[in-house]
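Colleague: I have this chain open and would like to go through it with you. Can we start with the charged pairs?

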Amino acid sequence: MNSNMPLFPEQASTFAGQVDNLYFFLVGLTVFFTVLVAALSVFFAVRYRRRQANEVPEEIHGSAILETLWIAVPFVLAMVLFVWGTSVFFTIYRTPVNAMEIYVVAKQWMWKFQHPDGQREINELHVPVGRKVKLVMTTEDVIHSFYVPAFRFKADAVPGRYTYAWFEATKPGRYHLFCAEYCGTSHSSMGGWVVALEPQDYQAWLSGSAGGASLASLGQKLFQNLACASCHLSDGQGRGPALEGAFGKAVQLEGGQSVPVDEAYLRESILNPRAKIVERYQPIMPTFQGLVSEEQLLQLVEYIKSIGPKAGTAKGAAPTGKEKLGK
Ligand code: CUA
């Protein structure tokens with residue numbers, strides 16, 4: 001019914017209707033009492049106006065019925081609103097167990113989404129219609145707030161912790177996503193779209209978005225998005241060892257041990273970075289356990305496999321041969 005009203009975004013989630021019903025009840029209640037009080041004020045002012053200069057009104061000594069009424073009526077109304085509001089609140093903020101999970105990482109000034117199968121998106125989130133979607137949200141910097149008016153829900157992303165929210169889209173469409181927490185200069189442009197697709201279209205989108213690129217190029221993207229590149233500089237001067245040309249060689253660990261850099265080593269180093277510390281480096285790498293799926297781990301491994309040493313920069317890494325041939 002709201003789609004005809006220009007002031008109202010359409011209802012596109014399972015709880016949009018519930019939120020609107022409560023909202024309209026509140027507005028209706030407020031309008032009713034505002035009009036009632038205003039009308040009675042005018043009516044009494046006219047009805048009981050002073051008619052003669054020496055008129056003295058009859059005294060009133062309270063009314064038990066009136067007093068009971070104006071305590072009982074507001075009390076009942078407040079309780080109705082409390083119970084109704086609480087039930088809608090719990091519907092929205094208690095996340096269901098059988099939902100599909102999407103990771104949301106907010107940062108100034110964008111929304112980054114990560115699907116269970118490894119698809120990543122920025123400022124656009126594709127979801128299937130008729131399926132509960134649970135958002136596991138955090139932020140890289142300040143507090144942001146995920147707000148989709150058509151879904152009637154809003155949830156904060158808070159630094160240093162995960163917050164959870166969920167929704168179930170009820171009809172296909174493109175719905176505006178806003179940041180609803182002032183977060184700096186570009187707060188107003190920090191937004192995007194939630195695209196709700198029919199289940200078969202969503203499947204097509206899923207396979208299309210992952211199938212287009214090779215594992216290694218997905219891994220490279222992941223490597224950038226996870227900010228691996230900010231520490232693993234290719235010249236070996238970063239806070240982490242250079243990874244160019246590392247695969248397939250042996251690496252010297254703190255304590256003198258030497259281990260081969262293979263798939264298992266890379267996997268362990270991503271999930272449990274402190275297990276093996278490369279000589280001359282500090283154990284400062286955070287764990288990526290839970291942040292990258294098995295599939296993404298493979299992508300990262302494929303990417304590291306694919307990068308050879310950069311010409312003339314890799315001090316520690318052995319040359320592959322090609323670069324040094326022209327000597
Ligand atoms: Cu992010 Cu406002």
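Predicted model: local features only at pLDDT ≥ 70, side-chain atom pairs only at ≥ 80, totals over all residues.

Colleague: Which residue does Glu124 form a salt bridge with?
Modeller: Arg174, and the closest N and O atoms are 2.9 Å apart. Arg174 lies in strand β9 and Glu124 in strand β4, residues 124–128, so the pair ties together parts that are 50 residues apart in sequence. Arg174 is partly exposed as well, with a relative accessible area of 45%.

Colleague: How many salt bridges are there by this rule?
Modeller: The count is five. Among them is the one between the side chains of Glu10 and Lys171, at 3.2 Å from N to O.

Colleague: Where do Glu10 and Lys171 lie?
Modeller: Glu10 is in the segment before α1, and Lys171 is in the loop between β8 and β9, so this pair ties together parts 161 residues apart in sequence. Glu10 is partly exposed at 33% relative accessible area, and Lys171 is partly exposed at 32%.

Colleague: And what does Glu268 pair with?
Modeller: Lys276, in a salt bridge with the closest N and O atoms 2.6 Å apart. Glu268 has a relative accessible area of 26% and Lys276 has 27%.

Colleague: Changing topic. What is the strand order in the open sheet of five strands?
Modeller: The order is β3-β2-β1-β5-β8, with mixed pairing. The edge strands are β3 (120–122) and β8 (163–168), each pairing on one side only. On average, neighbouring strands of this sheet are turned by 25° against each other, direction ignored.

Colleague: Do β1 and β5 pair in the parallel or the antiparallel sense?
Modeller: Parallel, over seven bridges, with β1 covering residues 100–107 and β5 covering residues 132–139. Glu101 stands opposite Lys134 in β5.

Colleague: Now the greasy side. Which residues make the nonpolar surface patch of about 1100 Å²?
Modeller: They include Phe32, Phe33, Leu36, Phe43, Tyr48, Ile65 and Val73. The elements giving two or more residues to the patch are α1 (16–47) and α2 (64–93). α1 gives the most, with seven residues.

Colleague: What about Leu36 itself, where does Leu36 lie?
Modeller: In helix α1. Leu36 is partly exposed, with a relative accessible area of 35%.

Colleague: Last one, the whole chain. How many helices and strands?
Modeller: Six helices and twelve strands. Buried residues make up 34% of the 327 residues. The chain exposes about 19500 Å², and carbon and sulfur atoms supply 60% of that area.

Notes
Residues numbered from 1 in each chain as written. Heavy atoms only, no water. Patch = residues over 30% accessible without salt bridge, like charges linked within 9 Å, V, L, I, M, F, W, Y side chains within 5 Å. Areas by Shrake-Rupley, 256 points an atom, 1.4 Å probe, with all protein chains shown as cover. Salt bridge = Lys/Arg side-chain N within 4 Å of Asp/Glu carboxyl O. Helix = DSSP H or I, 4+ residues; strand = E, 2+ residues; numbered from the N terminus. Buried < 20%, exposed > 50% of the residue type's maximum accessible area, 1.4 Å probe, protein only. Pairing = 2+ DSSP bridges. Axes fitted to C-alpha atoms, helices over the stretch in contact; angles between N-to-C directions.
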